[in-house]
Number of protein chains: 2
Amino acid sequence: MYLEKLNAPTDLKNMTISECEKLADEIRGALLTKSSCIGGHLASNLGMVEATIALHYVFDSPKDKIVFDVSHQCYTHKILTGRKEAFISPEQYRSVSGYTNPAESEHDFFQVGHTATSISLACGLAKARDLNGGHENIIAIIGDGSLSGGEALEGLDFGGSELGSNLIIIVNDNGQSIAENHGGIYRNFTKLRETHGKSDLNLFRAFGYDYLFVERGNNIADLIEAFSGVKDIAHPVVVHICTTKGKGYPIAEQNKEKCHWVRPFDIQTGEEKNPFKGERYDKIIRDHLLERMKQDSRITTIIAAVPDALAFSEDKRKSAGKQFIDVGIAEEHAVALAAGIARNGGKPVFATMSTFFQRTYDQISQELCINMCAATLIVANASVYAVNDVTHIGIFDIPLLSNIPNLVYLAPTNRQEYLAMLDWSIDQDDYPVAIRAPRNGIFEAKWDVEVDYSHLDKYHMVQSGKEIAVIALGDFFQMGEEVVRLLLSKYGISATLINPRYISGIDRDMLCALASDHKMIVTLEDGILNGGFGEKIASFYGSWKNMQVLNYGLQKEFLDRYDLEEVMKKNRLVPEMILEDIKRLYE
Amino acid sequence: MYLEKLNAPTDLKNMTISECEKLADEIRGALLTKSSCIGGHLASNLGMVEATIALHYVFDSPKDKIVFDVSHQCYTHKILTGRKEAFISPEQYRSVSGYTNPAESEHDFFQVGHTATSISLACGLAKARDLNGGHENIIAIIGDGSLSGGEALEGLDFGGSELGSNLIIIVNDNGQSIAENHGGIYRNFTKLRETHGKSDLNLFRAFGYDYLFVERGNNIADLIEAFSGVKDIAHPVVVHICTTKGKGYPIAEQNKEKCHWVRPFDIQTGEEKNPFKGERYDKIIRDHLLERMKQDSRITTIIAAVPDALAFSEDKRKSAGKQFIDVGIAEEHAVALAAGIARNGGKPVFATMSTFFQRTYDQISQELCINMCAATLIVANASVYAVNDVTHIGIFDIPLLSNIPNLVYLAPTNRQEYLAMLDWSIDQDDYPVAIRAPRNGIFEAKWDVEVDYSHLDKYHMVQSGKEIAVIALGDFFQMGEEVVRLLLSKYGISATLINPRYISGIDRDMLCALASDHKMIVTLEDGILNGGFGEKIASFYGSWKNMQVLNYGLQKEFLDRYDLEEVMKKNRLVPEMILEDIKRLYE
């Protein structure tokens, strides 16, 4: 076993190519075993084993600085830089994050989880090096679909002409994004592959880079030769390496999309071990959209490289035909495209994760909202209950989106309400609309949801009571129900329960009316409090003398791989704790 | 006069080339006269006169749809589409906006003012056309520096391969952005110009486009021929036209940057008629940065195509040398670059307008703030007192930036405080920092500003009083002073005056202490209230029983070309009106 003896990248330097190849096999085995046990990014890492070994063989990390894009291809890098136990000892599997992380190692420079970042970050390291008079190599690794992102293209444009010094961009071309590739760039990649890198149509050269083509991107000897050739180069160069996504695990090679990121699975069959059997909103909404698209050719579903946001697997994409668009990693383009479609009579629905809407604030504000283009945005994974990696948490979209003028931001609380809001949004022509997909399970409506949501900012009083009103937004509505139940059972208070439905505006009439027989308002929201929903209610009542307002939500912080229960307790997002507070503060 | 007889684009169709050329001269004269009187985008429009005439000669607007990028090149388009009076009748000069505007004409499809949008918007129009079974031409006009923007590059990537139908992109290559061009793209433009469009290194072809080169982009006959050749084309094509920025006005041709956008000027000399003679923060900060950069090679100033954000004119850029970087229109890259520079020991300062920070929320959150990279962001034009075009208003950055964890967002209230905050930010290594440049004139400090701003969220009590406390943020501090003065003179109340300094956090200790002898808090902020500063104070006191909070700021709306006084009155941002409210609400 070579893996067991390996403690630092320097240990690679004395190994022969053949030993490196055996090491690659061992690493591949470890990646497969670990991801079959606890899940993770599989196919993207399997393809990069050899390239990562060759990089550390040739370059001198951490003096030479390697920046991984998305960093979901960094597992081998972690193994080679002192963190192998996290991949070979099951009890330490969870000791490292899934992305590069400076807190773990001096070989990691940034904590990144969003795509398209590595070239710009590397340009920054290079610029500082040049100002410092340093001479280290700066290496950016990009690929696996990331190059279509605006930030990557801006970085590519800058790096090709503005530095004039060492900058090595490794383009990992595995012919695939998460799903299939989209965009002219990838056609150029195909052309370059077909011509063994010799085509005159060369995007990288056109951007100003020197260019090197490595046909066998999973061959360590070829890679070492290529990287040695560009080491200490004094100008920007792109090394285009052709790899096989899922390399070495036939099931992944044949199911690249499914194996990009996996839940625990059986290595023999590739089948997920404990697949979620219940209903999921992504599938409910997808099926609803497919049905509506069939009946109305104006409706278009847009995705930005994460078809998972709406469970649009390959067969579903095909059945939607021209009414389904995957723009690739290009959220800015997705929103502007939606604006254009809406302006010419179409009915665009763009779905992505809460965290990725962060990449397109300006287009939502300028193209959609100033222009009042009636597009629908579905905000997935927008919840403390969703992904808990720091780079992907979905608790910031309320301040991000709800404060943009003209945008109607809706928070459904159950299945029928979600569908009714979606239908209303598609059918109307007046407003840009965003809908925050619930993440706390699927509940059924107990009231009529077929209302005209064009009467903006009208809250729904689900239960009329006295003394205390609980305004419970979106998927914290059920928590609000529980608080109201407990108020009655514990203190005999028949409280008012309100489903506000609108995140982006307050129902002044209802709030005014509440003041006549209520003394306390409790707000609940599944996101950070700062800049959010509850603060607006507090501000509304700020000048009133006899109304207390208690805002519940999350405090402003970057949570990482958190324990849900702990976070909820820390923020007092537990019905019993809310009751304690009410008791303490209410006279 | 041809101009006087021209009412719609159809009137062009029967004109001869020579008549069109005379029309171009007349239009050029009108553009020059109007901008010399009221200012506006001059050089960018002068270069596009012939191309716009040729476009409307060949295509059938509004059936064929023309989308202008930034739309600061659309004046001739406005003249040709029924709005000539706004350019020839001085009394109607202000009847149209400076950008395309669907409210003005059916020939305008979007209200746009930010760059890099046209290709994506056009792709959307084209996609909807294809789903509708339509056959119109969709034309995007881009150039003048816009192509380096991530959104434009994402759109270029998508349009080159994903539509497979008519899409005509006119690239206006005038060899210039606002300042000089930066990035590999523009090197490729140079190469294409030098080879009369024949170079194999062709970025557009590499992205998948058909390609046409028009050497004489100010020659109507050549342009008509080229546009006729691509009309009704069934695939995506780029028409690369070489124009002269400032064409026909020698002073603009020779001073392209200065004449990109002008204030009223003398046509003979090009001199501004009433130049602002007073001190300005952009120059004060620029000079301070130049001085510091001279002494410390780690400090780097970064600009994204608007050197005006810090008055970095050409001579100042030169004197900063390698420590000045203009990344071109590429805000995402600018922030990620700053993160990289900071991580490798540099001291980056990135300055741009409030409205352009909207383009880089994700990079600020992920690259800077999750990674705690100590970069400095200077947020210019962040004020109701600044630009009043709807696409450029600076009243949204407080909700945008202040709710991002880890970012320290500071609001100086006077010259010395601004400089002290900037120096602190550059000298510390712990926090990403943003500073909101004041816009209400230059005031001098009346207190010690040389404090350690690392003690986060410590407000400064400028005057200790009783009953009422006024917390006046940033450039509304002086309004707060006036409110406190009036409270004393009119009602004999000696109120407390607080300069909060930090936008991104609240001083809980001070707020708690205030409660002992205050009954009312008044907050003032120069931005929208929603998601802003004051709401956090209201939320803090929400559960307290004897504290009223009055939040003053702007309501959430897209203001456009507003009258400042009216807007201030409407939002009761007038000391006397605030006093009225206090009197009414205070017992």
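The radius of gyration is taken here over C-alpha atoms, and the globule rule sets it at 2.2 Å times the number of residues to the power 0.38. For the 587 residues of chain A, that rule gives a compact globule a radius near 25 Å; chain A has 26 Å, which agrees.

Good morning. Before I continue, a word on the source. The structure is a predicted model, in which local features need pLDDT of at least 70 and side-chain atom pairs count only at pLDDT 80 or more, while totals for chains, interfaces and linings use all residues. Residues are numbered from 1 along each chain as its sequence is written, and chains are lettered from A and ligands numbered from 1 in the order in which they are written.

Let me begin with chain A as a whole. Along the principal axes, its C-alpha atoms fill a box of roughly 80 × 55 × 55 Å. The chain has 23 helices and 18 strands; these are DSSP runs, H or I of at least four residues for helices and E of at least two for strands, numbered from the N terminus. Of its 587 residues, 59% count as buried. A residue is buried if 20 or more other C-beta atoms lie within 10 Å of its own, exposed if 12 or fewer, and partly exposed in between, with C-beta atoms placed from the backbone. Two residues are in contact if their C-beta atoms, placed from the backbone, lie within 7 Å. Among the contacts in chain A with a separation of 6 or more, 77% join residues 24 or more positions apart.

I turn next to how the two chains are related. Two copies of a chain are related by a rotation about an axis and a shift along it.

How many residues does the contact take from each chain? It takes 98 residues from chain A and 98 residues from chain B. On the side of chain A that touches chain B, helix α6 (residues 118–132) gives the largest share, 11 residues. That side of chain A divides into 36 nonpolar, 41 polar and 21 charged residues. In this count, Ala, Val, Leu, Ile, Met, Phe, Trp, Tyr, Cys and Pro are nonpolar, Asp, Glu, Lys and Arg are charged, and the others, Gly among them, are polar. Of the interface residues of chain A, 100% are also interface residues in chain B, so the copies meet through the same surface.

Now to the strands. In chain B, 5 strands form an open sheet in the order β2-β3-β4-β6-β5, with parallel pairing. Its edge strands are β2 and β5 (210–214) of chain B, each of which pairs on one side only. From one strand to the next, the twist averages 20 degrees. Two strands pair if DSSP finds at least two bridges between them. Strands β3 (residues 138–143) and β4 (residues 167–173) of chain B pair in the parallel sense over 5 bridges, and B:I139 has B:I168 as its bridge partner in β4(B).

Helix α6 (residues 118–132) of chain B lies across β2, β3 and β4 of chain B and runs at about 175 degrees to β3(B). Axes are lines fitted to C-alpha atoms, for helices over the stretch in contact, and angles run from 0 to 180 degrees between N-to-C directions.

In chain A, 4 bridges join β2(A) to strand β3 (residues 138–143), and the two run parallel. The bridge partner of A:I66 in β3(A) is A:I139. Which way do the residues of β2(A) point? A:K65 and A:V67 point one way and A:I66 and A:F68 the other, and all are buried. In a regular strand the side chains alternate between the two faces of the sheet.

Helix α4 (residues 75–83) of chain B has 7 of its 9 residues buried, so it is largely enclosed by the rest of the structure. Its buried residues include B:Y75, B:H77 and B:L80. The buried residues of α4(B) pack against α1 (17–38), α2 (43–46), α3, β2 and α5 (85–88) of chain B.

I close with the backbone. The peptide bond from A:S61 to A:P62 is cis, with omega near 10 degrees, and A:P62 lies in the loop between α3 (49–58) and β2 of chain A. B:N406 has a positive phi, near 75 degrees, in a residue other than glycine; with 19 C-beta neighbours inside 10 Å, B:N406 counts as partly exposed.
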